[in-house]
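Subject: Structure for your review

Dear colleague,

Please find below the structure that I am handing over to you. I would be grateful if you could read the notes that follow with the model open beside them.

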Amino acid sequence: DVMKNITGTYIDKNYYMFDYFNEVVDDLGKITGIDFSKRFMTLNEIKKIIAQTKK
């Protein structure tokens with residue numbers, strides 16, 4: 001299941017690394033408006049994405 005592979009690994013000081021990306025993930029991002037190609041994100045960026053998906 002592709003969704004299970006989209007996970008962030010805590011790096012340091014609220015930075016997370018996302019290391020799984022493929023064509024299906026890219027398509028999912030286009031549909032949802034989430035840029036899954038961004039390899040590093042802060043906790044605040046992640047929280048903003050989660051908040052946007054709940055609208």
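Is Asn14 buried, partly exposed or exposed? Asn14 has a relative accessible area of 43%, and therefore counts as partly exposed. Please bear in mind throughout that this is a predicted model.

**The loop between β1 and β2**

Asn14 is placed in the loop between β1 and β2. Its backbone shows a positive phi of about 70°, although Asn14 is not a glycine. Lys13 is also found in the loop between β1, which covers residues 8-12, and β2, which covers residues 15-18. For Lys13, phi is positive too, at about 50°, and Lys13 is not a glycine either. The relative accessible area of Lys13 is 66%, so this residue is exposed; the cut-off for that class is over 50%.

**An aromatic pair**

The structure contains 1 aromatic pair. The ring centres of Tyr10 and Tyr16 lie 5.3 Å apart and the ring planes stand at 70°, so the pair is edge-to-face. The angle can be checked against the limit for this class, which is over 60 degrees. Tyr10 has a relative accessibility of 45% and so counts as partly exposed.

Which residues make the nonpolar surface patch of about 300 Å²? The patch is made by Ile11, Tyr15 and Phe40. Of these, Phe40 is placed in strand β3, which spans residues 40-42. Phe40 counts as partly exposed because its relative accessibility is 42%, a value to be set against the range between 20% and 50% for that class.

**The largest pocket**

The largest pocket holds about 190 Å³ of space. Its lining consists of Ile6, Gly8, Tyr16, Phe18, Ile34, Phe36, Met41, Ile46, Ile49 and Ile50.

Which element gives the most to the lining of the largest pocket? That element is α3, with 3 residues. The helix α3 covers residues 43-53, and both β2 and α3 supply at least two residues each to this lining.

Yours sincerely,

A colleague

Technical notes:
Residues are numbered from 1 along each chain as its sequence is written. This is a predicted model: local features need pLDDT of at least 70, side-chain atom pairs count only at pLDDT 80 or more; totals for chains, interfaces and linings use all residues. Side-chain values use heavy atoms; hydrogens and water are left out. Patches are made of residues with over 30% relative accessible area and no salt bridge: like charges are joined within 9 Å, nonpolar side chains (Val, Leu, Ile, Met, Phe, Trp, Tyr) within 5 Å. Accessible areas come from the Shrake-Rupley method with a 1.4 Å probe; for residues, only the protein chains shown count as cover. A salt bridge is a side-chain nitrogen of Lys or Arg within 4 Å of a carboxyl oxygen of Asp or Glu. Helices (H or I, at least four residues) and strands (E, at least two) are DSSP runs, numbered from the N terminus. Buried means under 20% relative accessible area, exposed over 50%, partly exposed in between (1.4 Å probe, protein chains only). Rings of Phe, Tyr and Trp (its six-membered ring) pair if their centres lie within 6.5 Å; planes under 30 degrees apart count as stacked, over 60 as edge-to-face and the rest as tilted. On a 1 Å grid over the protein atoms alone, a cavity is a set of points where a 1.4 Å probe fits but cannot get out, and a pocket is an open set with protein on both sides within 12 Å along at least five of seven lines; lining residues have an atom within 4 Å of a point. Grid points are joined across faces, edges and corners, and a volume is the space filled by probe spheres set on the points.
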